[in-house]
Amino acid sequence: MTQMELLAPVRAPQRGTQHYEILIYLQAGGRLTVKKALLELGVYALSQRVGELKKAGWPIQSRELQVGPRTKVSEYWL
């Protein structure tokens with residue numbers, strides 16, 4: 001994946017939307033979990049927004065993190 005691919009998605013989100021805020025954060029090299037998205041961006045439904053961004057052509061990656069003995073969370077990045 002090259003920087004040019006990130007700047008030319010199938011559909012770019014509008015400024016001021018949750019999609020836009022998520023992408024700005026991820027393009028800056030950040031990684032998001034549900035808790036971080038809520039606290040830092042005010043996004044409640046991260047997995048849904050990420051799914052919508054993926055459908056729009058953004059190459060967002062994810063993995064599960066073990067955060068407790070029986071608790072896993074998803075982490076997202078570009």
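1. Is Glu52 buried, partly exposed or exposed? In this predicted model, Glu52 is partly exposed, its relative accessible area being 33%. Its side chain forms a salt bridge with that of Arg49, at 2.9 Å from N to O. Both residues belong to helix 4 and sit three residues apart, about one turn of the helix. Arg49, at 19% relative accessibility, counts as buried, because the cut-off for buried is under 20%.

2. Overall fold: the protein has four helices and two strands, in the order α-α-α-α-β-β from the N terminus. Of its 78 residues, 29% are buried. Among contacts between residues at least 6 apart in sequence, 47% join residues at least 24 apart.

3. The largest nonpolar core has 14 residues; Ile22, Leu32, Leu46, Leu53, Trp58 and Ile60 touch the most other members. Helix 2 (18-27) and helix 4 (46-55) are the elements that give two or more residues to this core, and helix 2 supplies the largest share, four residues. Beyond its neighbours within four places in sequence, Leu53 contacts His19, Ile22, Leu23, Trp58 and Ile60.

4. The whole structure contains four salt bridges. One of them pairs Glu75 with Arg31 at 3.3 Å, N to O. This pair links strand 2 (residues 71-77) to the loop between helix 2 and helix 3 (34-41), across 44 residues. Glu75 is buried at 10% relative accessibility, whereas Arg31 is partly exposed at 34%.

5. Lys72 and Glu64 form another salt bridge, with the closest N and O atoms 3.8 Å apart. Lys72 is exposed at 52% relative accessible area, and Glu64 is exposed at 55%. Separately, salt bridges with shared partners join Arg31, Arg63 and Glu75 into one network.

Note on methods. Residues numbered from 1 in each chain as written. Predicted model: local features only at pLDDT ≥ 70, side-chain atom pairs only at ≥ 80, totals over all residues. Heavy atoms only, no water. Core = buried A, V, L, I, M, F, W, Y, C linked by side-chain atoms within 4.5 Å. Buried < 20%, exposed > 50% of the residue type's maximum accessible area, 1.4 Å probe, protein only. Contact = heavy atoms within 4.5 Å.
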